[in-house]
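Biologist: I have a two-part model on the screen and some questions about how it is put together. Can we go through it piece by piece?

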Amino acid sequence: MRAITHLGARSLEVLRGFGHAAMFTLDLLRNVPAALRRFSLVVAQIYAIGNLSLVIILASGLAVGFVLALQMYYALVPYGATESLGLIVNLSLVRELGPVVAALLFAGRAGTSLTAEIGLMKAGEQLAAMEMMAVDPRARVLAPRFIGGAVSMPLLAALFSTIGILGAWVVAVGLIGLDPGNFWGLMQDRVDVWRDVGNGIVKSFVFGVICTAVALYQGYETQATPEGVAYATTRTVVISSLCVLGMDFVLTALMFSTP
Amino acid sequence: MSKKGIETLVGLFVLLGLAGLVFLSLKAANLASFGRGDSYVVSARFDNIGGLKPRAPVRSAGVAVGRVTKIALDGATYQGVVTMEIDRAMQFPRDTSAKILTSGLLGDQYVGLEPGADEKPLVAGDVIKMTQSAVVLENLISQFLFSKAAEQGDGAAK
């Protein structure tokens, strides 16, 4: 009997958590127009979230492109299909790796800093002070960061894919000596702008919204202690990564289920 | 950093991101290679379309001139009806024939157009009359095996 009661209490707690997070996200969305009116705040956040993530995104994209091209080359040589190397690298980057890996890096680089920042603001009672001055911290602090994340993420993912393809080109054409005509030609022949590139952008936008919302929620709901902030930062990375991977499967199934 | 400086950097970031998107669409996808507006639609009937898929290229002399848009089965004749759009700039004679070909031994299938000699060109909505179905590898192999077996059977009978 006690076990059943315990289970019920736990389930209710989990449900309450979901509901709370959903209400929080709705509240964020409601505050978006107010934040757009104060655009300089949003610009500052795009700088903090987007510009400062650029180095890690570009470096990782380049590395992924290099490695993908090399591994695909070794895998394709036995079949004499090396001319489709560019196509394979392009499709895997644009459809999956670009949005997903960029989102995972984004959660690690930008999500954690958002959580820690908001968490410390809360611990220092800055958010409470704002409320005392009749300034809604959700409109002043959270919403600009939310927009910044949602805008930056698709751009970062596009840059990740771009630099990855350029990296693959360097390895395939420069290092291995494949024919550049086939490398680009097969891509232009087989990669569809709307279906592949467009869906990749939609994915990265969804991931941007998820990662930023999770980071802000964890920061805003943190316990106002050093341990609380540390714990919230860790949870930001874990929860956003799992959400991104889960959501990626759902989106892939929805977008690419028809041949 | 000053506010102006940050705004400039954000502007650069957004421009860089958009440049990436343009690169992905133009250089690494099919936006530039084939426009939708300036094309005309013709169809062809095949007894067997093999593994032809929508969006497969239509080629003439190996040069891509269009794209397969739709594949359906005609309920009356049980033939596959392949609808394709062809670049408006490319005019083909009316007695052009269509074949389903394979790029490489196991590669993707595409429609090959072989121009005839008619004076009049194909226009939108025309149906290509002379067609040659896809070569189905399994049929080819079984034909070969059967003929081999038949040869051996003849040899044993003598």
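Modeller: A term to start with: helices are DSSP runs of H or I with at least four residues, and strands are runs of E with at least two, numbered from the N terminus. Bear in mind that this is a predicted model.

Biologist: What share of chain A is buried?

Modeller: Chain A has 259 residues. Its C-alpha atoms fill a box of roughly 65 × 55 × 30 Å along the principal axes. A residue counts as buried when 20 or more other C-beta atoms lie within 10 Å of its own. By that test the buried share of chain A is 43%.

Biologist: And what pattern does chain B follow?

Modeller: Chain B has two helices and eight strands. Along the sequence the pattern is α-β-β-β-β-β-β-β-β-α.

Biologist: Is chain B compact or spread out, and what is its radius of gyration?

Modeller: The C-alpha atoms of chain B fill a box of roughly 100 × 45 × 30 Å. For 158 residues the globule rule gives 15 Å. Chain B is well over that, so it is more spread out than a compact globule. Its radius of gyration is 24 Å.

Biologist: How is chain B divided, and what distance separates the centres of its domains?

Modeller: Domain 1 of chain B covers 1-33. Domain 2 of chain B covers 39-143. Taken over C-alpha atoms, their centres are separated by 40 Å.

Biologist: Which element of chain A gives the largest share of the side that touches chain B?

Modeller: In all, 25 residues of chain A are in contact with 22 residues of chain B. On the chain A side, α3, α5, α7, α8 and α9 each supply at least two residues. By class, that side has 16 nonpolar, six polar and three charged residues. The largest share, six residues, comes from α7(A).

Biologist: What is the span of α1(B), and why does it agree with what a helix should give?

Modeller: α1(B) has 24 residues. At 1.5 Å a residue it should span 34 Å. The expected span is 1.5 Å times one less than the number of residues. The end C-alpha atoms of α1(B) are 34 Å apart.

Biologist: Which elements of chain A cover the buried residues of α1(B)?

Modeller: The buried residues of α1(B) are Val10(B), Phe13(B), Gly17(B), Gly20(B), Leu21(B), Leu24(B) and Ser25(B). An α-helix has 3.6 residues a turn, so residues three or four places apart point the same way. The cover on the buried residues of α1(B) includes α3, α4, α5, α7 and α9 of chain A.

Biologist: What covers the buried residues of α4(A)?

Modeller: α4(A) has 23 residues and reaches 32 Å, close to the expected 33 Å. Its buried residues are Ile57(A), Gly61(A), Val64(A), Gly65(A), Leu68(A), Ala69(A) and Met72(A). Their cover includes, in chain A, α5 and α7.

Biologist: Which element gives the largest share of the largest nonpolar core?

Modeller: The largest nonpolar core has 76 residues, and those touching the most other members are Ala102(A), Ala103(A), Phe106(A), Leu156(A), Cys211(A) and Leu216(A). Elements giving two or more residues include α5 (85-123) and α9 (193-220) of chain A, together with α1 (3-26) of chain B. The largest share, 21 residues, comes from α7(A).

Biologist: With its neighbours within four places left aside, what is Phe106(A) in contact with?

Modeller: Contact here needs C-beta atoms within 7 Å. On that basis, the partners of Phe106(A) are Ser53(A), Gly111(A), Met153(A), Leu156(A) and Cys211(A).

Biologist: Is Glu125(A) buried or exposed?

Modeller: Glu125(A) is found in the loop between α5 and α6 of chain A. Its phi is positive, about 60°, although it is not a glycine. Most residues other than glycine have a negative phi. With 12 other C-beta atoms within 10 Å, Glu125(A) is exposed.

Biologist: How many C-beta neighbours does Ala134(A) have inside 10 Å?

Modeller: Ala134(A) is found in the loop between α6 and α7 of chain A. Its phi is also positive, near 60°. Ala134(A) counts as exposed, and its number of C-beta neighbours inside 10 Å is 6.

Terms used:
Residues numbered from 1 in each chain as written. Chains lettered and ligands numbered in written order. Predicted model: local features only at pLDDT ≥ 70, side-chain atom pairs only at ≥ 80, totals over all residues. Core = buried A, V, L, I, M, F, W, Y, C linked by C-beta atoms within 7 Å. Contact = placed C-beta atoms within 7 Å. Domains from an automatic or database assignment. Nonpolar A, V, L, I, M, F, W, Y, C, P; charged D, E, K, R; others polar. Rg over C-alpha atoms; globule rule 2.2 N^0.38 Å.
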